[in-house]
Amino acid sequence: MGDFVAFIAAGNILLEYVIGNAAVARSWTSYFATLCNKNPDDFRIIVHNMNPDYGHLDPIAIGALVAITALAVYSTKGSSIFNYIATMFHMAVIIFIVIAGLIKAKPENFNDFTPFGLHGMVSSSAVLFFAYIGFDAVSTMAEETKNPGRDIPIGLVGSMTITTAIYCLLGATLCLMQNYKELDTDAPFSVAFSAVGMDWAKYIVSLGALKGMTTVLLVSAVGQARYLTHIARTHMMPPWFALVDERTGTPMNATISMLIATAIVAFFTNLSILSSLLSISTLFIFSLVALALLVRRYYSSGVTTKRNQVNLIVCILLIIGSSIGISAYWANSSEHKWIGYTIFVPLWFLGTGALWLFVPMAKKPKLWGVPLVPWLPSLSIAINIFLLGTIDKKSYIRFTIWTGFLLVYYVLLGLHASYDTAKEFDQSIHSHGSDQKVAKQWNKMEQGAVEQDSSFAPVSN
């Protein structure tokens, strides 16, 4: 989709990781305080003349980030061993929470199961994406995986399936233990066990939560550094970030730089602000990924005809436009009448169906690929855009400021790097024959149809 879109996506992925790690680090402080029989704010420095959203300073969060990043810098293998051990302990704690929690379950807590109706469910679903970041970090480990073509998809799909099931089970257990109106926003499980007369259990829960958040921070520290490293290799960011330390074998510069950015955000910013901003960034990235999948399957330079290219663009515009229409109608229609949906939903089906029937696929995966294309990625775009329409205005202002910063950086620095990289690639192509011939050969290589010839080695990225 081009360097510009790639850069905006990359910038928001980095934002997603910085905000996500900052939010988890602040939650780490909350559960650590519970473990010490303290209130979360007892370990924070409260500056009363500052905005409450930014005035609860959290030095404990910074300490946790520094310690975990040190492990990530030291060794990828050491981080993996720590994760293996910690995950076994964490699973034991999860089993304990479910069994002990269901023993104290009160079915009446599920009465009035949807107190805020369908609108409340949709609004909370947007924020719930806060719990579903980090899975993409598996893909950043491709260089350190023996068989990435098989192992990366298994890791992504398998981990998300297992975690989704566990998340739903824990959520149901929590709401059965304590009425949703009484849940503590900082350390819900620990406080819930205290509320049902199992005060001793909160120590086990807090310890398990701390362990879980520690591994989350560790995996994210590794993943976000790899993202920055890959971006720097394209020269979109200074190549200094792409340097790998010879002794540890890890991208130390990228890891420490991301730590500093995360620590600054974690020190100042309230969890509620972080979660909403993170949801926008995550949903935006998910939409771009689904869109990129459609472009990748249905467009190939030198293969796709001009007519099919135009048809693809029209279908994508119909899909995106109808999705925005559905989202806007939901957000602005207080009574949620069906008139708007009878217009925009058929347009979505028209765009997706036309893409399916009239535009031939230019590329097909040889080893593993997303099924039900174009319906599944098109549905993903619609759902993500729909949820984006439920997030508050202030979060969008913050997101706009960050995107504006990315645009300024791209115009002043990234665009020149993109031009230099494109010229280098163009020179490589011309040195190996005609543009169209090389483009077709490159597309075949991408699909795994042919082995790369030593005489054909265009610059990557």
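Mentor: Asp112 has a relative accessible area of 54%, and because exposed means over 50%, Asp112 is classed as exposed. This is a predicted model, and the values below are computed from it. The phi angle of Asp112 is near 60 degrees, a positive value in a residue that is not glycine. Asp112 sits in the loop that runs between helix H3 (76-103) and helix H4 (117-128).

Asn37 also has a phi near 60 degrees, again positive and again in a residue other than glycine. The loop that holds Asn37 lies between helix H1 (3-35) and strand E1 (45-46). The relative accessibility of Asn37 is 48%, so Asn37 counts as partly exposed.

The next backbone feature concerns omega. The peptide bond from Val373 to Pro374 is cis, and its omega is near 10 degrees. Pro374 belongs to the loop between helix H11 (339-358) and helix H12 (375-388).

Now the cysteines. A disulfide is a covalent bond between the sulfur atoms of two cysteines. Searching the whole structure gives zero disulfides; the criterion for one is a pair of cysteine sulfur atoms within 2.5 Å. Cys175 has a relative accessible area of 24% and is therefore partly exposed. Cys315 is at 5% relative accessibility, and since buried means under 20%, Cys315 counts as buried.

Conventions: Residues are numbered from 1 along each chain as its sequence is written. This is a predicted model: local features need pLDDT of at least 70, side-chain atom pairs count only at pLDDT 80 or more; totals for chains, interfaces and linings use all residues. Side-chain values use heavy atoms; hydrogens and water are left out. Helices (H or I, at least four residues) and strands (E, at least two) are DSSP runs, numbered from the N terminus. Buried means under 20% relative accessible area, exposed over 50%, partly exposed in between (1.4 Å probe, protein chains only).
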